[in-house]
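Student: Could you show me how to read aromatic pairs in a model? I would like the general idea and then a case.
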Amino acid sequence: MCPYYLKQRGDNSLKNILSIVIRILLTAAMLFFLFKWIKIEEIAKVLHLVRLNYLIVAFALFISLYFLCFIRWYLLLKGIDIRVPWRKLIISSFGGVFFNLFLPSTIGGDFVRIMDLTTHLKRTKEIAASVFVDRLSGFAALAFIALLAMLYGYSYIDKSGIFIPIIILFSSLSVIIIILFTKNIFSRLKNLIPGKKIRTKIENLHSEIFYFRTKPKALLTALLISFTVQVIGIMSNYYIFLALGINVKLIYLFIFVPLVGAVAMIPVSIGGLGIRDMGSAFFFAKIGITKDVAVASSLLNFFFIAAISSFCGLIYVFALYNRWLQRR
């Protein structure tokens, strides 16, 4: 068993390394085409005129998002009677934030959160369900805000095609919620899952997620926090545009920022770099914002993510080192 186990670990490590290498190459390719499409000198000119006072406000708002996301996960765990010391929960959250940069989309960081917290509490299924519901509440708020903003501000945009991605986003959310919180539909679909072992694991996870139906207070609180997170994120983008000298109507940001965020979730690049920038250029062009300004705002957004992720990474590595010393 030992050689087989070592072989499995080696195969998984090789797959992870290969996945990161592919993601780096895809990110480099997208940035190459992006800067070929938009001259880097033009973006540099826009960034050179940035107003620091507005940028500091945007960064402060951006930091508060992470604090709210931490509170949301804490309350979801508390809702299913999982008591975790604050220090351990903070370290697990920091690990998730850091690895979101390198692993697939935000899902990779979620796996790190689950694995890290499971080392302290042997309740893997419940922790995984809390992380999944935590992520789902954020996605739900994103889709609802985009839909409501579109219905309210449809007359502001002379582009009927913008309605299609919002419908896709909202429809995807509806399908996921129906499958997760309806036992009959899941019972029919689970037979399509190949492999008995995988099917059993997914069934166990589904039962833990389904259990949240009995915790409406925890779900509602998570959803309200998620709406607050999305609104603050939009306001952070608003101040980034102000820092670049562009005064954008808030209704446009309520429509486009969630769409750009959804595009950035596609797991093909490092931290959404490249794909987020092209998404920003595409959507904001519909309201007359030039490509260089849209991409500059997106790059500043990524700079915020990278700065906070790097700080979280340092704390997480230091915590892992302390754990190693204690075990020694």
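Tutor: Let's start with Y54, which counts as partly exposed because its relative accessible area is 27% (buried is under 20%, exposed over 50%, partly exposed in between, with a 1.4 Å probe and protein chains only). This is a predicted model, where local features need pLDDT of at least 70, side-chain atom pairs count only at pLDDT 80 or more, and totals for chains, interfaces and linings use all residues. Residues are numbered from 1 along each chain as its sequence is written, and side-chain values use heavy atoms, leaving out hydrogens and water.

Student: Which kind of pair do Y54 and Y239 form?

Tutor: In general, two aromatic rings are described by the distance of their centres and the angle of their planes. Rings of Phe, Tyr and Trp (its six-membered ring) pair if their centres lie within 6.5 Å; planes under 30 degrees apart are stacked, over 60 edge-to-face, and the rest tilted. Here the centres of Y54 and Y239 are 6.2 Å apart with planes at 35°, so the pair is tilted.

Student: Where do the two residues of this pair sit in the chain?

Tutor: Y54 lies in helix α3 (residues 52-79) and Y239 in helix α10 (residues 216-243), so the pair links distant parts of the chain, 185 residues apart. Helices here are DSSP runs of H or I with at least four residues, numbered from the N terminus.

Student: Is Y238 buried or exposed?

Tutor: Y238 is buried, at 17% relative accessible area, whereas Y239 is partly exposed at 23%. Y238 and Y239 make an edge-to-face pair, 5.6 Å between centres and 80° between planes.
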